2 protein chains.
Amino acid sequence: MEIPENKLIRKIRQFERRSDEVLRGIGDDGAVVAMSEGAYVLVQDAMVEHVHFEFDFVDPYDLGKKALYSNISDVLAMGAQPLYYMVTIAVPDKVTSKEIGRLYRGMNRAAKEFDVIMIGGDTTGSMRDFFIDVSMVGKVVTKSYLGRNKAKAGELIAVTGFLGESAYGLSLLRQGKTGRGVGRFIRRYRAPQPPYGVWKELVKRDITTAMMDISDGLIIDLERMMVESGKGARINLDQVPMPAVLRKEKRENLALAGGEDYQLLFTFPAHRIGTIFEITRMGFPVSIVGEVDKGKGVRVFEKGQEKQITSKGYEHFGDIR
Amino acid sequence: MEIPENKLIRKIRQFERRSDEVLRGIGDDGAVVAMSEGAYVLVQDAMVEHVHFEFDFVDPYDLGKKALYSNISDVLAMGAQPLYYMVTIAVPDKVTSKEIGRLYRGMNRAAKEFDVIMIGGDTTGSMRDFFIDVSMVGKVVTKSYLGRNKAKAGELIAVTGFLGESAYGLSLLRQGKTGRGVGRFIRRYRAPQPPYGVWKELVKRDITTAMMDISDGLIIDLERMMVESGKGARINLDQVPMPAVLRKEKRENLALAGGEDYQLLFTFPAHRIGTIFEITRMGFPVSIVGEVDKGKGVRVFEKGQEKQITSKGYEHFGDIR
């Protein structure tokens, strides 16, 4: 990058926002924030060039949005309202200061959507690969945090939105299909916005027990939830919400195993099903896709018949969270 | 790296420590911690292969320690006790799982020294370069946080420990001099432990106004403090604490402009000089090196004569904190 350090930091500081709780923002050894008593969620999630993305496919503006969205998604999934974030970027020479500007503008846009404030981070050079790592703090707003470990046998399993959109968008991009009618999928791949509206309704009613975001694929993520909860799950493929085109093209697997949708996966007590219907009547897409049992692993059924699922989802190394 | 994801996470989880305040640690979308009301410091600091270190010079164990120390140092410099940290690593194939194990053992060792707990992070592959990025939360224990912006004209300027040790250690390593009598310098370069003992005495007495850690060199870091405070500073080179060998070899510049010492630089009201002497009598090294004035920039004097300082310190891109 051709830009000197001080100029870069000035560039970044323009995205600072005022808040009474931020006692000290960018410009010191660390940020200082005033916090009230309570439970807080801390997350950290990175994206690495050639592993998570290629600059050929993703504009820096969308990359910035996505870097924030993936962290926001994790905070929401724990039942917490995102508050503050910090960003580390490691930038090789080939990346221009204009691209870095677009990256921060993208982050800033996503931050505004969820009312989360940048308070600091680190900028450094890099020999060859570009690297972005965001950490975020949020405050738990549900009675108790929504962990992967809280699913109980007999509870129902639900997901928000439609699954497989992001993976389908990526496959369209790879085939060079960027024409009419596919924008929705490509946008979902490039900058998958977490479902804030339905999340607010869910946490307001404190209906969910276990919750997580679907980042690597429905089956693999549900398996992780069941392992942490010591339970098993049955899923009805017919009820898994996906764009019609996936069923038409016989690519249902993208809905089961395609990553990066950042929709919410959660369990809730069966007797509260009326509350879910109440939320869907408001126009929010929530689908009940299966139930938790005392077994082990995730079994998938289609029209009553158990199906063998081969590719479960995307594994990079994954999170140590 | 040849290790599969699940095994790596199991490896990392062995370094989890129990705490009543950690409601949920590794194994979920995010960590959950219980926090009391107050001011909290958040920092994030990365190290990138070929920019901050080479594996030829640094063992992964020391690299882990250093990654923690640089963040701990920032938290302490704000007047806060470090509490929790998260770690992102991006690992190319050439790095072995044994090396990753040593890295986490090094972090764990440094964490224990300062009673800070790992609660999560992210692990990912990388095409070519190794990255490590640590974020940390601490709680302010002084009456008000110790910012770079708080220096007042007439206050005295002090530093802890000896400066230039780390830069001298690096120059010895580069010359292949690793024999007798140089271990202190090489250790300081490889794993510069922040001065916790003297920090505790300083914050207990609430004597400091502005504080920061010296990560890039005394002059450049002091200049940053003065810019944030809107003040100027005069430094007496004769009083800058450095190993005798630097004066002997006429390499005083390493003490003024050598980075990565992670000693503390602070200002305090002149009338409290007795408190500083009290701390030095306890055996802690603190040196009064100059004073804050109403001017601009940092001026360096030697035996009463102003000196021209050329190389001010190390700049990578630097922090956006």
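Among contacts in chain A between residues at least 6 apart in sequence, what share joins residues at least 24 apart? The share is 85%, where two residues are in contact if their C-beta atoms, placed from the backbone, lie within 7 Å. This is a predicted model, in which local features need pLDDT of at least 70 and side-chain atom pairs count only at pLDDT 80 or more, while totals for chains, interfaces and linings use all residues. Residues are numbered from 1 along each chain as its sequence is written, and chains are lettered from A and ligands numbered from 1 in the order in which they are written.

**View 1. The contact between chain A and chain B.** Chain A and chain B each bring 67 residues to the contact. On the side of chain A that touches chain B, the largest share, ten residues, belongs to strand E3 (residues 38-48) of chain A, strands being DSSP runs (E) of at least two residues and helices runs (H or I) of at least four, numbered from the N terminus.

View 2. A:Leu42 has B:Ala31 of E2(B) as its bridge partner.

**View 3. Helices H4 and H5 of chain B.** The axes of H4(B) (residues 165-174) and H5(B) (residues 183-190) come within 7 Å and cross at roughly 105°, the axes being lines fitted to C-alpha atoms over the stretch in contact and the angles running from 0 to 180 degrees between N-to-C directions. Among the residues that meet are B:Tyr168 and B:Leu172 in H4(B) and B:Phe185 and B:Ile186 in H5(B).

Methods. Pairing = 2+ DSSP bridges.
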